[in-house]
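Here is a short tour of a protein model, written to be read with the structure open beside you.

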Amino acid sequence: MRRRTVLTAGAAVLAAPLLGLTPQAAAAASRPSRRIALVPLDDRPVNVYCPTMTAAVAGVDLVLPPRSTLGRFFQPGDGAAVARWLGSAGADEYVISVSMLAYGGLIASRTGTPTLESARANIAAIRALRAARPSAQIVVHDTIQRLALTPGNPDLEQYVAALVEWAKLYDQVENLGREELRPRLTAVRATIPDAVVDDYLRARARNHEVNRQMVEWVADGTISHLVLSEDDTAPVGLARAERVELEKLVERLGVGRRVEVFPGADEVDALLVARLIAAGTSPTYRVEYAGISGEQWTAELEGIPFAENIRRHVKSVGGTVVDGRADLVLMVNTPSANKDQRPADLAAFSRRVAGLTAAGESVVVVDPVFVNRADHDLVAELEQRVDLAALLSYSGWNTGGNALGLALAHGTARWAFLKRSTSGMGVPALTDPGRAHAEYLLYRFVKDDHWKNVLQKAAYAEARSRGWNPLNLTAGQKAAFDSWVQDRLAPVTRQYFTDHFAGRHLVLGYRGATTRTARLAAVGDIHIELPWDRLFEVTLEPHLTLA
């Protein structure tokens with residue numbers, strides 16, 4: 001990928017003077033020795049850039065199918081072409097999203113258009129891969145379909161809320177015996193056209209059958225490890241009923257140690273990349289909260305206590321949650337017991353993060369309180385008290401499970417790399433991953449806070465003032481907003497680097513008792529665009545120089 005090429009070239013330029021090597025020799029010395037193939041959930045940055053950076057912070061090469069095969073927004077990817085690519089990827093290990101392979105991506109998986117027969121033909125590539133690579137690690141991610149349709153489709157927009165309500169009511173009445181809700185179920189159903197409900201149920205039935213197939217392939221050894229993630233779920237609904245059936249199948253087949261089921265979706269590509277990177281290290285994690293315990297709080301769009309979601313995500317990355325001393329500390333932002341206590345809770349939490357990083361602890365900050373944005377008050381406290389470059393990771397993007405998984409993946413991959421850096425890596429092999437780590441941290445803070453809390457809101461307002469739909473732009477409207485976003489986000493990114501990263505010393509790795517570091521010097525090029533024809537997400541790729 002272009003991203004990988006940029007990182008490798010930059011490392012060669014910086015490393016050569018440090019070791020007295022020619023640029024060509026330095027590039028060869030820093031070349032990754034591991035190669036992971038990823039079939040992503042779709043082509044958005046969270047499923048391409050974030051897994052790529054998760055691998056890059058650990059010096060691992062991640063290869064993906066040609067971009068032309070992955071589709072874009074409402075245009076499905078070519079699952080058959082991706083299946084052909086998978087057989088020729090030539091990787092050491094594999095992370096496979098079934099939604100892409102079977103249907104052409106996450107959005108395509110929510111419609112009844114792809115048939116079960118075509119899905120089965122595409123996923124047969126996993127069986128063929130196992131036959132060709134009997135000892136390879138093949139880890140797989142499949143989604144339990146969310147309750148809502150994809151927003152932005154003008155033909156279906158008016159039915160999104162009603163369909164979610166109907167799916168929740170149906171589960172409560174038909175599966176949980178809440179007969180008093182039947183009149184409301186009937187009334188809501190009457191507002192939704194039969195064709196919409198039929199397509200919705202056809203997609204759910206097909207996806208559930210493929211979900212079951214994946215569990216069975218874990219049992220017969222085709223799949224090494226499986227994550228079934230609940231995409232934007234709730235305590236009740238058709239997704240809950242499907243999850244219960246799948247959990248029973250997992251139990252009956254005795255594969256609970258190799259299958260996780262938890263709320264989330266977009267984070268899983270990166271999470272499973274980190275699992276492969278950290279294999280053999282068995283990381284342990286201690287959890288501390290800003291406010292109430294995660295045992296007492298369930299994040300929005302999820303159906304289990306957040307503490308349980310943490311345990312399941314940690315297990316999926318190959319780790320264990322422990323009390324007391326641990327390899328990594330998960331500092332998790334949760335709501336306060338009452339509003340008046342919030343400022344004191346955030347201040348104490350940030351002081352705790354600062355103390356842990358100053359003491360050399362490996363700290364991951366998870367910010368899941370608000371859907372689709374960082375907690376700005378928390379970020380402001382961290383900016384004031386914490387050396388942000390000393391963190392292993394941070395995320396406050398989208399759902400609680402998304403934020404958790406992205407931070408956990410980045411932090412775990414970086415921790416595993418630093419742990420192994422004592423095995424004799426030279427400076428060239430340390431510089432490239434270190435730069436990637438700083439770039440990814442900068443990306444997360446700027447995108448999750450300033451983009452989501454400030455610029456995206458302004459962009460939505462600007463689009464609506466022009467009579468445009470911010471979730472379904474035309475090609476011309478997207479081009480206009482590409483420039484609008486670039487003009488505003490690039491200077492914000494540069495200023496954020498100046499304020500919170502410039503001049504800071506970044507740990508590159510260890511050699512015996514020696515800690516190798518580099519100074520964060522400057523921001524070079526910044527690639528910014530809207531990846532899809534909507535304002536929901538943004539591509540932000542800052543390129544840094546070290547000294």
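The buried residues of α4 pack against β1 (35-39), β2 (61-63), β3 (93-97), α5 (98-103) and α7 (116-132). The model is predicted: local features need pLDDT of at least 70 and side-chain atom pairs pLDDT 80 or more, while totals for chains, interfaces and linings use all residues. Residues are numbered from 1 along each chain as its sequence is written, and side-chain values use heavy atoms, with hydrogens and water left out.

**Helix α4**
- Helices (H or I, at least four residues) and strands (E, at least two) are DSSP runs, numbered from the N terminus.
- Within α4 (residues 79-88), the buried residues are Gly 79, Ala 81, Val 82, Ala 83, Trp 85 and Leu 86; buried means under 20% relative accessible area, exposed over 50% and partly exposed in between, with a 1.4 Å probe and protein chains only.
- After α4 comes Gly 90, with a positive phi near 65°.

**The five-stranded sheet**
- Look next for an open sheet of five strands in the order β8-β7-β9-β10-β11, with parallel pairing; two strands pair if DSSP finds at least two bridges between them.
- β8 (320-321) and β11 are at the edges with a single partner strand each, so one side of each has no neighbour in the sheet.
- Strand β7 (residues 284-289) pairs with β9 in the parallel sense over five bridges, and Arg 286 has Val 329 of β9 as its bridge partner.
- Four bridges link β9 (residues 328-332) to β10, again in the parallel sense, and Leu 330 has Val 364 of β10 as its bridge partner.
- From β9 the chain passes through helix α14 (residues 342-358) to β10 in a right-handed β-α-β crossover; right-handed means that, with the strands pointing away from the viewer, the path from the first strand over the helix to the second runs clockwise.
- Strand β10 (residues 363-366) is covered on both faces, with Val 363 and Val 365 buried on one side and Val 364 and Val 366 buried on the other.
- β10 runs parallel to β11 (residues 393-395), and three bridges join them; Ser 393 in β11 is the bridge partner of Val 364.
- The β-α-β crossover from β10 to β11 passes through helix α15 (residues 376-385) and is right-handed.

**Pockets**
- On a 1 Å grid over the protein atoms alone, a cavity is a set of points where a 1.4 Å probe fits but cannot get out, and a pocket is an open set with protein on both sides within 12 Å along at least five of seven lines; lining residues have an atom within 4 Å of a point.
- The largest pocket holds about 610 Å³ of space, a volume being the space filled by probe spheres set on grid points joined across faces, edges and corners.
- Of the 30 residues that line the largest pocket, Arg 146, Pro 151, Asp 232, Leu 301 and Phe 536 are the closest to its centre.
- α8 gives the most to the lining of the largest pocket, with three residues.
- The second largest pocket holds about 490 Å³, and the closest to its centre of its 22 lining residues are Gly 360, Glu 361, Ser 362, Leu 418 and Tyr 510.

**Cavities**
- The whole structure has two cavities of 30 Å³ or more.
- About 60 Å³ lies in the largest cavity, and its lining includes Arg 44, Trp 397 and Tyr 443.

How values were computed
Contact = heavy atoms within 4.5 Å.
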